Amino acid sequence: MLQAFLPTAEHPGRILVVDDQRDNLRVLSLELKRHPFRLTCVETAREALDHCQRTAFEGVLMDVSLPEMDGIEICRRIRQKGPNVHTPVIFLSAMRVGEDWVTQGLEAGGMDYLTKPYSFPELLAKLRMMVRLSRQNEALVAGERQRALIAVAGGTAHELAQPLASAQLLADQLAKQDTPATPEQLEHLRAFIHQTTQVVHQIQNLHTFVTKPYAVGQILDLAESSRTDLG
């Protein structure tokens, strides 16, 4: 099962590499040339932040020591907004393990670190891990979105079924009778239209997601999900 989330030649892992040393980027690109990764290499904090606002990556390999802004602060900013809020970040540093940067990096949102010089097999394993975690998270989000859409559809159908069925019965009755609609029948028709309009209004004002039990699981609770005192 996990194999389905690993990078392949047909679906390479999208990795952002941030290092102010051009030679390091060149060496890394050569090392990974025959492996299933598509690298975006940048040398400055500004380039890193710009790319992270425009492109969703599946992993970020971040050097800690950068001249304008250190990699830890870049990570903090990435975590605030944009398509890489949840993208795994691994820090690179020539500093000793145990220094403050390790704790600070993990608290800023990094998931792991490598110290230079690193072993290539370890780097490769961690790159694959980042891509796998990103793809697993993407699949999880897609599954949740699908379940939410099903719940919304079920809740909408449930709320509309009664007034529409009643309106249909009244329409059939009016079509069969020879006399004009009575005031009582017109009042019923207005009530059915009003109920339908209320459901449409609730759908238009959804701002949260509350479900309720149903025969086949959970459906959206339109009344609770459109309440103005929630969320």
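At roughly what angle do the axes of helix H2 and helix H3 cross? Here are some notes on this predicted model, starting with that pair.

1. **The H2–H3 pair.** The answer is roughly 20 degrees, with the axes of H2 (residues 45-54) and H3 (residues 71-78) coming within 10 Å. Angles under 35 degrees count as roughly parallel, and H2 and H3 are therefore roughly parallel to each other. The crossing of H2 past H3 is right-handed.

2. **Who makes that contact.** From H2, the contact uses Ala45, Ala48, Leu49 and Cys52, while H3 brings Ile74, Arg77 and Ile78. By type, the residues of this contact of H2 with H3 are 6 nonpolar, no polar and 1 charged.

3. **The largest core.** Have a look next at the largest nonpolar core, which has 22 residues. Leu16, Val18, Met62, Ile74 and Phe91 are the ones with the most contacts inside this core. Two or more residues each come from strand E1 (13-18), H2, strand E3 (59-63), H3, strand E4 (89-93) and helix H4 (100-107). As general background, nonpolar side chains tend to be buried together in soluble globular proteins.

4. **A second core.** There is also a separate core of 15 residues. Among its members are Leu28, Leu32, Leu124 and Val131.

5. **Ser166.** Moving on to helix H5 (residues 120-176), you will find Ser166 there. Is Ser166 buried or exposed? The cut-off for buried is under 20% relative accessible area, so Ser166, at 16% relative accessibility, counts as buried. Leu189 is 23 residues away from Ser166 along the chain, and the C-alpha atoms of the two are separated by 8.5 Å.

6. **The overall picture.** Stepping back, the protein has 7 helices and 7 strands. Read from the N terminus, the order of elements is β-α-β-α-β-α-β-α-β-α-α-β-β-α. Of the 231 residues in the protein, 33% are buried. Among contacts with a separation of 6 or more, 59% join residues 24 or more positions apart.

Note on methods. Residues numbered from 1 in each chain as written. Predicted model: local features only at pLDDT ≥ 70, side-chain atom pairs only at ≥ 80, totals over all residues. Heavy atoms only, no water. Axes fitted to C-alpha atoms, helices over the stretch in contact; angles between N-to-C directions. Helix = DSSP H or I, 4+ residues; strand = E, 2+ residues; numbered from the N terminus. Parallel < 35°, antiparallel > 145°, perpendicular 65-115°, else oblique. Left-handed = near helix turned anticlockwise from the far one by under 90°. Contact = heavy atoms within 4.5 Å. Nonpolar A, V, L, I, M, F, W, Y, C, P; charged D, E, K, R; others polar. Core = buried A, V, L, I, M, F, W, Y, C linked by side-chain atoms within 4.5 Å. Buried < 20%, exposed > 50% of the residue type's maximum accessible area, 1.4 Å probe, protein only.
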